[in-house]
Amino acid sequence: VSEKTLYRYIDGGLLSTKNGDLPRKCKLKPRKNKGAEHKVDTKCRIGRDWKCYQNFIAKHPGLPLTEMDTVEGTKGGKVLLTLMFMPYHFMLAFLLDGKTAANVSATFGMIRDKLVGKFGKDAGLAIMTDLFFVLITDNGTEFTLPDKIEKDRDGNKVANLFYADPCASYQKPHVERNHEFIRLILPKGSCYFLPTSFDTLTQDDIDLMMSHINSTPRESLGGKTPLQMALMMLPREILDCFGLEVVAPDDV
């Protein structure tokens with residue numbers, strides 16, 4: 001066995017030798033190991049990786065793309081699920097109780113229910129498909145229940161989820177860049193400041209924040225706001241559906 005394995009056997013009490021018999025071992029402080037993260041579905045990437053995404057858009061050119069990610073507050077606390085709709089740079093954010101696949105899938109169920117309740121079943125699911133027909137995200141454990149995201153309650157497919165390559169944030173750059181607006185309001189923290197906790201926030205607070213962010217003019221949009229661009233393609237009632245309001249430029 002290797003030296004490391006031998007140390008583990010001794011530490012686990014599997015041999016007659018004890019840690020006290022090792023001159024240096026008894027002086028070392030125990031390491032603060034991070035608990036192992038386990039994916040809910042280890043096969044979730046099959047048929048959904050970056051190569052599959054490229055093949056899909058080659059067969060369906062010109063389709064709008066939605067990028068998905070999460071924003072953390074303090075470790076173990078509430079997080080934000082962010083959805084960036086391209087090409088109009090419109091973003092929605094939803095407050096989750098924790099960074100888990102169950103919370104993400106429940107949020108997509110809530111989105112479907114809201115759209116169906118607002119527009120009726122057929123129209124609501126059609127809008128759901130328009131919003132999420134092509135959806136790309138990273139390899140976080142919170143995105144490992146793809147079937148719960150892609151299908152409605154009747155098992156009908158309303159979205160196509162794909163995963164970017166590991167450590168390749170440039171494959172979904174727009175949502176990453178738009179997080180800078182969120183961090184202006186909810187700072188990430190640094191060596192001088194603790195990260196902002198989301199635990200005291202409500203979804204109404206997040207909706208207000210996103211109303212201001214989406215009402216901010218962008219040079220990349222020719223001076224228009226993401227809300228103005230989104231309303232050219234989506235029904236205006238969708239703002240009410242997700243608690244968003246148009247904020248005048250001077251009031252942002």
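Definition before the helix check: the expected span of a helix is 1.5 Å times one less than its number of residues. Helices (H or I, at least four residues) and strands (E, at least two) are DSSP runs, numbered from the N terminus.

This is a predicted model, where local features need pLDDT of at least 70, side-chain atom pairs count only at pLDDT 80 or more, and totals for chains, interfaces and linings use all residues. Residues are numbered from 1 along each chain as its sequence is written, and side-chain values use heavy atoms, with hydrogens and water left out.

**Helix H3**

I checked the length of H3. Its 19 residues should span 27 Å at 1.5 Å a residue, and the end C-alpha atoms are 27 Å apart, so the two agree. Next I looked up burial: buried means under 20% relative accessible area, exposed over 50%, partly exposed in between (1.4 Å probe, protein chains only). The buried residues of H3 include Val104, Phe108, Ile111 and Leu115. An α-helix has 3.6 residues a turn, so residues three or four places apart point the same way.

Is Ala106 buried, partly exposed or exposed? Ala106 sits in H3, residues 101-119. I found Ala106 partly exposed, at 48% relative accessible area. Ile149 is 43 residues from Ala106 in sequence, yet their C-alpha atoms are 8.7 Å apart. Just after H3, I noted a positive phi of about 90 degrees at Gly120.

**Whole chain**

I counted nine helices and five strands. Their order along the sequence is α-α-β-β-β-α-α-β-α-β-α-α-α-α. The radius of gyration is 23 Å, well over the 18 Å of the globule rule for 252 residues, so the chain is more spread out than a compact globule. That radius is taken over C-alpha atoms, and the rule is 2.2 Å times the number of residues to the power 0.38. Along the principal axes, the C-alpha atoms fill a box of roughly 75 × 45 × 30 Å. Of the 252 residues, 40% count as buried.

Which peptide bond is cis? I found the one from Met86 to Pro87, with omega near 15 degrees. Pro87 lies in the loop between strand E2 (79-85) and strand E3 (90-96). His89 is also in the loop between E2 and E3. Phi of His89 is positive, near 60 degrees, though the residue is not glycine. His89 is buried, at 16% relative accessible area.

Cys167 also has a positive phi near 60 degrees. Cys167 is in the loop between strand E5 (161-163) and helix H6 (173-185). I logged Cys167 as exposed, at 85% relative accessibility.
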